[in-house]
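Me: I would like to go through some labels in this model and see what backs each one. Let's start with the structure itself.

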Amino acid sequence: GTPILRVVIGSIDDDPGALQSGHYLWPAAPAMANLLAHSVSISNNHDSTIDCNPSEKVEMDLAKFLSTSQPSSWNVIELGAGCGLAGITAVQVLAYLSYLRQTKEAHNDDATRITTTTHHRLGSCPNMVFTDHDPGTLERAKENYDATLNLLTDQHAQEENDKDTSLNKLPQTVILDINSTRVSYEPLHWGDIKSAQKLKQSILGISSTNTEQYQHQQQQQQQQQQKQQQESPNDGFDLVLGTDLIYSRDVVRPLLLTASNLLAKGTDPKSNNMTNHQPKDTPVTTQSMYTQISTQQSIFIMTQSFAYDDDTELKIDTTCQELGLTRITLRDDLETKLIDGVRVQVYYIT
């Protein structure tokens, strides 16, 4: 069955106010976590040819993109991380999707099911970077990540002795993969290009890991990544995440300027066969979502739990045009759902 992803989140419950807004779990964060987590469930239990409802189609296409597209290893950064829920979930999701992909490849190659960790390449998420302007918020994100990692490791150790095979636990290789991720917590002010470039250089230029026990596997993974980078240069992060980031018109340009500078500029060679004429903010059918983003080297996924006013939407459009970004809406049920409505958008460099 589908494994249960476990996340430990500490946050404040009352009205956050301006000074503590990063310590509050805004509604778009669980929406992002659910989007990522459901992609695992669908990828594990559905074939891509099976008809499903529109929301499942978005999640299936997202799972397909994350598990089959290049690069096979994702450097991830979360903007305005707050409690860190999106990033914490992403590390688990990428590790499990990598496990599924490698298991499928092994079946296709020799019909032998992978049962030992030595057959798996680790490093599905070499770097996970949580960023925020508030150092106190970054401390909160670190506490949450460390608590989650401890929970996963401890519960897996306990469950190893449990003979109940019905337990939906993450495989050991996935836990090892998660432990191999190098996690950083960095202050970042949107709109400061030099800071964004310095962050890329300091994070992506470091190849060390925090799991010496699996150094050999990591060296093999790094050699594979270097080969991929020679074929398709990558000078940024592969996956940028953000939840409820735009709270006023004034933050639009600084945010998108930072995101565009953090995104990897390299593109998949197959993208040369496709010319994108998509308007900057065009709701796409779920059938075309994967086609839209499958040729991209990197994407910025952002969820929001409230609608923007017309001036803010116009500012987003003009800024995307200025920066060479394409914006597509994957889901928008803010008007149809009074509770738990969400808009999911993807930005990528045109």
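Me: Why is Phe-306 called partly exposed?

Reply: This is a predicted model, and the label rests on a computed value. Phe-306 has a relative accessible area of 33%. Buried means under 20% and exposed means over 50%. The 33% of Phe-306 lies in between, so Phe-306 is partly exposed.

Me: And what makes Tyr-308 buried?

Reply: Its relative accessible area is 11%. The cut-off is under 20%, so Tyr-308 counts as buried.

Me: How many aromatic pairs are there by the ring rule?

Reply: The count is five aromatic pairs.

Me: Why is the pair of Phe-130 and Tyr-145 called edge-to-face?

Reply: The ring centres of Phe-130 and Tyr-145 are 5.9 Å apart, and the limit for a pair is 6.5 Å. Their planes stand at 65°.

Me: What parts does the pair of Phe-130 and Tyr-145 tie together?

Reply: Phe-130 sits in strand β2 (residues 127–132), and Tyr-145 in helix α4 (residues 135–159). The pair therefore joins parts that are 15 residues apart in sequence. Phe-130 and Tyr-145 are both buried. Ring pairs also link Phe-130 and Tyr-145 with Tyr-185 in a cluster.

Me: Why is the pair of Phe-306 and Tyr-308 edge-to-face?

Reply: The centres of Phe-306 and Tyr-308 lie 6.1 Å apart, with the planes at 75°. The centres are within 6.5 Å and the angle is over 60 degrees, so the pair is edge-to-face.

Me: How do you know that β2 is mostly covered?

Reply: Six of its six residues are buried. One side of β2 holds Asn-127, Val-129 and Thr-131, and the other Met-128, Phe-130 and Asp-132. Both faces are covered.

Me: Which strands pair with β2?

Reply: Strand β1 (residues 76–79) runs parallel to β2 and is joined to it by three bridges. There, Glu-78 has Phe-130 as its bridge partner. Strand β3 (residues 182–187) also pairs with β2 in the parallel sense, over six bridges. In β3, Ser-184 stands opposite Val-129.

Me: How do you know that Lys-200 has no salt bridge?

Reply: Lys-200, in helix α6 (residues 193–204), is buried. The nearest side chain of opposite charge is Asp-235, at 5.0 Å.

Me: What does the side chain of Lys-200 reach?

Reply: The backbone oxygen of Asn-261, at 2.7 Å. Beyond its neighbours within four places in sequence, Lys-200 is in contact with residues including Gly-205, Phe-237 and Lys-265.

Notes. Residues numbered from 1 in each chain as written. Predicted model: local features only at pLDDT ≥ 70, side-chain atom pairs only at ≥ 80, totals over all residues. Heavy atoms only, no water. Phe/Tyr/Trp six-rings, centres within 6.5 Å; stacked < 30°, edge-to-face > 60°. Helix = DSSP H or I, 4+ residues; strand = E, 2+ residues; numbered from the N terminus. Buried < 20%, exposed > 50% of the residue type's maximum accessible area, 1.4 Å probe, protein only. Pairing = 2+ DSSP bridges. Lys, Arg positive; Asp, Glu negative; His and termini not counted. Salt bridge = Lys/Arg side-chain N within 4 Å of Asp/Glu carboxyl O. Polar contact = N/O pair within 3.5 Å; in protein donor to acceptor, adjacent residues only side chain to side chain. Contact = heavy atoms within 4.5 Å.
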